[in-house]
Amino acid sequence: MATVAAVIASTHHPFYYRASTATGADRPPFADAWVAKIEAFRETLTKARPDILVMVGSDHFHQLWLDNMPQFLVGKAPYFDANWYNEEREFGLPRMRLAGDEQLAGHILRNGLDAGFDLAFSNELRIDHSITCPIITLRPEADLPIVPIYTNIFAPPLPRPGRFVELGQTIRQLVESWPIDKRVAIIGTGHLSLELGGPRQFGAHGPDPEFDRKAVDWIASGDLDGCLAEVTLDSLHLPGNATHGFMDFMLMMGVAGAGAKADHVDSLDLFHTMEAYFTWYPNGVPA
Amino acid sequence: MSKYLLNKFLYTVDRDPQLVERYRTDAAGTVEWWERELANQVLNCVVAEKSTWLVFTDEERAALREHDHVRLFELGAHPFLTLTLFIAMFERDHGPLEYQKAYGRALQQHALPYPDIAT
């Protein structure tokens, strides 16, 4: 049977690639501290020795559009090209190509449907920075096959937070029931408080540092009950108009399990938004 | 009101480098051409099978013609789409993050709840 080698939740900051590769006067003052935190975070995946990465993210109106919008979608294809013109333009992200694992994708689709999630699928999916950012930070070699899973945190009506948690719990069960002897890391990215295109954007910190502090505590301690008691589709408007991306963190709390304390917790207070990094080892910390 | 069509304009322009430049330099002409030629095109269908009913309101058309990101916000256009496209068009005229901060300041009069973006 497959083993969940690591569960990883992270923000996906599209500026990291440019900040970390800039030199001289172009290199921002926070770049070195950011790179150090990312390298420590990367090590948490490396030492888990994964064979396959399940990657949870959210398309930012790239391939998925309002004429045909899925709530949850699994990519099932031999390859995934990655990054889009507007991400090259705004963030300097490189074009990439990642291999897919169709067998695991098929297992998740079939058994996810049977478990009560009417998952959409795509056999030709160009993925965006919600998935390539964690590849760049956690596995820059981009040498492992992936199964991308997209969630809709972007185009209302959205599924409720509890549904994201349930999907995370189901993904964990689906990976553990895959009858193939592989080590699978489940990685998902979202946001803490975030404002995009509104009056609170691009401030000295994230738009709601108090929410960010609580969110990091919920995630680090696996406090699903506390998180679900406070977080609703309505409440997520308060910390910032793009904070619904926090539901992908809640999905990953579902993957990690209620009460599961993260084995690695780190954060970095940047302008515009706070970064946060979490790793769990469900089967014990690797030697 | 047609938030969907506003978003469709922003989406289809933002993903095309030539349309980004065309909209930057000739907003009125681009909006007029786009509404006539593209507003009713279903994005993954052949042109002959286009829609027949999509049209901007006068207010929406004016907001697009005037590059008025504040009005687009008020009309419920998706703020991510507006921000991304407007950064592509206007960040180049400003110092680092100047444009993004000014964009936010121009919206300061808006307290929660923001205009509904559901389509």
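1. Strand 2 (residues 52–57) and strand 8 (residues 183–190) of chain A run parallel, and 5 bridges join them. Please keep in mind throughout that this is a predicted model.

2. Where does helix 6 of chain A pack? Helix 6 (residues 161–176) lies on the sheet and touches strand 1, strand 2, strand 3 (72–75), strand 7 (146–151) and strand 8 of chain A. The direction of helix 6 makes about 165° with that of strand 8 of chain A. Helix 2 (residues 31–46) of chain A lies across strand 1 (3–11), strand 8, strand 9 and strand 10 (274–280) of chain A. With strand 9 of chain A, helix 2 makes an angle of about 160°.

3. Now for the sheet itself. In chain A, 8 strands form an open sheet with mixed pairing, in the order 6-3-7-2-8-1-10-9. Strand 6 (120–122) and strand 9 (264–269) of chain A each have a single partner strand, so one side of each is left without a neighbour in the sheet. On average, neighbouring strands of this sheet are turned by 15° against each other, direction ignored.

4. At the strand 9 end, you will find a hairpin. Strand 9 and strand 10 of chain A run antiparallel and are joined by 6 bridges. A:Asp269 has A:Met274 in strand 10 of chain A as its bridge partner. The hairpin has 4 residues between the strands, and A:His272 takes a positive phi near 75° there.

5. A residue worth a click is A:Ile186, in strand 8 of chain A. Is A:Ile186 buried or exposed? A:Ile186 counts as buried because 29 C-beta neighbours fall inside 10 Å, where 20 or more are needed. Beyond its neighbours within four places in sequence, A:Ile186 is in contact with A:Val4, A:Val7, A:Val54, A:Ile171, A:Arg172, A:Val175 and A:Val255. The C-alpha atom of A:Ile186 is separated by 9.4 Å from that of A:Val147, which is 39 residues away along the chain.

6. Stepping back to chain A as a whole, there are 9 helices and 10 strands. The radius of gyration of chain A is 17 Å, close to the 19 Å from the globule rule for 287 residues, so chain A is as compact as a globular protein of that length. The C-alpha trace of chain A spans about 50 × 45 × 40 Å along its principal axes. Buried residues account for 51% of chain A. Of the contacts in chain A between residues at least 6 apart in sequence, 82% join residues at least 24 apart.

7. Over to chain B. Helix 1 (residues 3–14) of chain B has 12 residues and reaches 16 Å from first C-alpha to last, close to the 16 Å expected. Among the buried residues of this helix are B:Leu5, B:Leu6, B:Phe9, B:Leu10 and B:Val13. Their cover includes helix 3 (85–91) of chain A as well as helices of chain B, one of them helix 6 (79–90).

8. Finally, the interface: 30 residues of chain B are in contact with 22 residues of chain A. Helix 1, helix 6 and helix 7 (98–105) of chain B each supply at least two residues of the side that touches chain A. Which helix of chain B gives the most to that side? Helix 6 of chain B does, with 8 residues. By class, this side of chain B has 19 nonpolar, 8 polar and 3 charged residues.

Conventions. Residues numbered from 1 in each chain as written. Chains lettered and ligands numbered in written order. Predicted model: local features only at pLDDT ≥ 70, side-chain atom pairs only at ≥ 80, totals over all residues. Pairing = 2+ DSSP bridges. Axes fitted to C-alpha atoms, helices over the stretch in contact; angles between N-to-C directions. Contact = placed C-beta atoms within 7 Å. Expected span 1.5 Å × (residues − 1). Buried ≥ 20, exposed ≤ 12 C-beta atoms within 10 Å, placed from the backbone. Nonpolar A, V, L, I, M, F, W, Y, C, P; charged D, E, K, R; others polar. Rg over C-alpha atoms; globule rule 2.2 N^0.38 Å.
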